[in-house]
There are 2 protein chains.
Amino acid sequence: MSTEQQQFQLIEENELSLQLIDAQYALKDTHGQKNAKSLVILVNGIELAGKGEAVKQLREWVDPRYLRVKADQPRPLNERQTFWQPYARFIPAEGQIMVLFGNWYTDLLSTAMHVANPIDESMFDHYVEQMRAFEQDLKNNHVDVIKIWFDLPWKSLQKRLDDIDPSEMHWHRLHGLDWRSRKQYDAIQRLRQRFTEDWIIIDGEDVTRRDQQFAQTILAALKHCPDYPAKGSKTWSPASIPKALLQPSREPVDQNTYKDELKKLTRKVASAMRMDQRNVVIVFEGMDAAGKGGAIKRLVKKLDPREYEIHTIGAPEKYELRRPYLWRFWTKLQPEDKITIFDRSWYGRVLVERIEELISPAQWQASYAEINRFENDLIEAQTVIIKFWLAISKDEQAERFKAREQTPHKRFKITDEDWRNRERWEDYLQAAADMFEHTSTDQAPWHVIATDEKDSARLQILKTILKQLGVS
Amino acid sequence: MSTEQQQFQLIEENELSLQLIDAQYALKDTHGQKNAKSLVILVNGIELAGKGEAVKQLREWVDPRYLRVKADQPRPLNERQTFWQPYARFIPAEGQIMVLFGNWYTDLLSTAMHVANPIDESMFDHYVEQMRAFEQDLKNNHVDVIKIWFDLPWKSLQKRLDDIDPSEMHWHRLHGLDWRSRKQYDAIQRLRQRFTEDWIIIDGEDVTRRDQQFAQTILAALKHCPDYPAKGSKTWSPASIPKALLQPSREPVDQNTYKDELKKLTRKVASAMRMDQRNVVIVFEGMDAAGKGGAIKRLVKKLDPREYEIHTIGAPEKYELRRPYLWRFWTKLQPEDKITIFDRSWYGRVLVERIEELISPAQWQASYAEINRFENDLIEAQTVIIKFWLAISKDEQAERFKAREQTPHKRFKITDEDWRNRERWEDYLQAAADMFEHTSTDQAPWHVIATDEKDSARLQILKTILKQLGVS
């Protein structure tokens, strides 16, 4: 009997059920509040150790309406998709509980065990590290994660295999492993030791204790109230604002040169994006009227709409607000999307949400690292990310605002909010400067483009994309 | 020049843009109102007829934030999935506009053109009929659908192929068709004649007229205010209430027999569901406390949670309310889900929503046919649907309610709402009777199970499933 099992006492069944239901309802009621959270339960383990049975028993003790169980066949990790992409849409909203039978660890184990060319140890450890970082980001964003490994000694497993009705064997045959093989059993145990150190290990030998330990673990997780810091770092020092933001340069371009160049570059960029073996993600941020729309228009000029997708990002919907901030981007980016353009993006977190004080300093300060990890995961899954900040001067913005107001079919582009944002000009410059400082990475640097001269800005954007795609 | 093209006048560009934007905002503002609607634009046509360009031009005239474009590679129709399953999640919410480049007609054409063993004409026409019925259901549920075919004569197509820069050819090579083949061109034209009679045909010859006609068609669709009937059929006659609902039978079963039978049947049912080549969908409806939860528990007893999914259906979320009622079921059922169990279901439309008057009589009366089409589409995609109504007597319900109130860990199962629903007992019986009358089809009949005796009810449910799966 393991140490974990000795530490808990059996609770009378009805009493345990009552406590679980109370805790479920308490969780549900946190919805919309400061301490709101959801719970993800990752379930893995040795075959026949009883993880299925334990989940079914749990379902009988709780109110099953508020416990979702999701199970998939394991899918080998794919070098063109991040490990979280297949699961992102199942991350529960505040107040909800989700049991993930199939999860990133299932995929990792399956990759290590099955594939003709298994990943090596350092790659395995690298994945585990990334997974833990992702889970930590979930936790920081009010999605609690608990990980449970159902274990079973070799001899017991063999005995259960002897006892089982062959007609019930179907589902573990599906998993494609031979549980009669000692070699394979040992390999799994060796592999799982590399990641289960922060897991709860449940011994599958004793059915009653197994189900109780599982349920009590969930109960404790439901009751657990994480402490989310509201204050930011005391040592936070704002970045200095680059000159390129304070005084965007003006380099007019001759109209004939512009037209020739533009024509050449739009073709070249279209072809470069199309031919690149990687997925291409292009992000546009910048002050209102800085020319994001016009730049995007030129960028896709020589593409067919079937080749790209443009996401125009505004305020999140309610169901998005009930999940981690990055969730709506996790679920938007699909591995099969070749070219994806963002007219505003996840950087809204450290721009408008910071400035309008929709989140605490602790939250936006934590977001930089989360965003970097998010982008890095994508980059490792063969995506190139190109980020533009379109820098306009305050005077030029005023002129464009006025011009828009005087053009009937452009009036929709200018609202009171735009004038209000303008009053926070300095704040936006500071936020942009901090954003460059913390999220300009070697692999996904920020490109600041001066846009007072629209034409030269557009050429420059296209040239930058070519350069980032390695096309000269 | 086609007749359609002669009927419209060019509108000055800025004026057209202004009108489009105004219409977009008017659509957006209908959100939450009686006349709220969304717009789906299906775009298909001959390669190089300029559908991509027309959509890009439209994007420049409208406010691009409220126009989403979704394009996928065509995927051949699959006998295990309904034609709408790949697209259901892109059906827009009220106030939104969605252009679907890839759509069910793309898939239909691609199936007819590409597959080694193409579908025959009657199958082709059958699909077209189903697609039209689906679109009509969308329209009745406030999702307007317009279908636009971009046409191009053979000679012009050849000329455009001559003129095109080979580096830009990539994307139509993707579509896998040889547009230099007259035979193929003629085949496509012949096929599309079989479905485009209710489409807008746009001639791709003249670029300006093409883009204008496309934009003006969208404008007209945006302005179109469908008239949704609020009143139900004058000739609606309620079904007579079957005796099985009024006086559920009571057939006690001996405890030893019950245990033996249950053990045998749970194994048999598990194995039958597992082995069936089709997907299995099981629906439970019935009064509160009629024993849905207990029945489901026995049903899955011998299954592993990885083999099935249980959906417990409550009131819809806000983002679901902004879409057709069946949308949340379209998106829940995935072709790879082998066994899916619904604890309450889409029948809520003609039960609670009807009785609580959340919808008009016209709406619930129209729902029967929509539900039948929905189930029929699934059945044709190799799904077996088994529907249970658990019939309890009013006295037995009262006893179970009281027992629940006296059992701490079951108290969550009983709320004021349950007592209120009980007051509408007769209404529920009438709604159930009407539901049987209108949705008990040969392929998916309703099974009324008397549940005052829980044990015999459970056995009977299991036996019914075996029978429906063709296992004796």
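**Notebook: the contact between chain A and chain B**

I started with one ion pair: A:Glu309 makes a salt bridge to B:Arg68, with 3.0 Å between the closest N and O atoms. The model is predicted, and I read the distance with that in mind.

I then looked up the totals. Between chain A and chain B I find 10 salt bridges. I also find 18 residue pairs in polar contact, both residues being at pLDDT 80 or more.

Next I asked which elements of chain A supply at least two residues each to the side that touches chain B. They are helices H2 (13-29), H3 (51-61), H7 (170-174), H11 (255-275) and H13 (318-321), together with strands S2 (68-70) and S7 (308-312). H3(A) gives the largest share, six residues. I sorted this side of chain A by class and got 24 charged, 19 nonpolar and nine polar residues.

For extent, I noted 52 residues from chain A and 53 residues from chain B in the contact. The two chains bury about 4,800 Å² between them, and 54% of that lies on carbon and sulfur atoms. A:Arg306, A:His409 and A:Phe412 supply 16% of the area that chain A buries against chain B, more than any other three residues.

Last, I checked how the copies are related. Chain A superposes on chain B by a rotation of 180 degrees with 0.0 Å of shift along the axis, at an RMSD of 0.0 Å. I recorded this as the relation of a two-fold axis. In chain A, the residue closest to the rotation axis is A:Tyr319, its C-alpha lying at 3.7 Å. Of the interface residues of chain A, 100% are also interface residues in chain B, so the copies meet through the same surface.

Note on methods: Residues numbered from 1 in each chain as written. Chains lettered and ligands numbered in written order. Predicted model: local features only at pLDDT ≥ 70, side-chain atom pairs only at ≥ 80, totals over all residues. Heavy atoms only, no water. Least-squares fit on C-alpha atoms with pLDDT ≥ 70 in both. Contact = heavy atoms within 4.5 Å. Buried area = accessible area lost by both parts, 1.4 Å probe. Salt bridge = Lys/Arg side-chain N within 4 Å of Asp/Glu carboxyl O. Polar contact = N/O pair within 3.5 Å; in protein donor to acceptor, adjacent residues only side chain to side chain. Helix = DSSP H or I, 4+ residues; strand = E, 2+ residues; numbered from the N terminus. Nonpolar A, V, L, I, M, F, W, Y, C, P; charged D, E, K, R; others polar.
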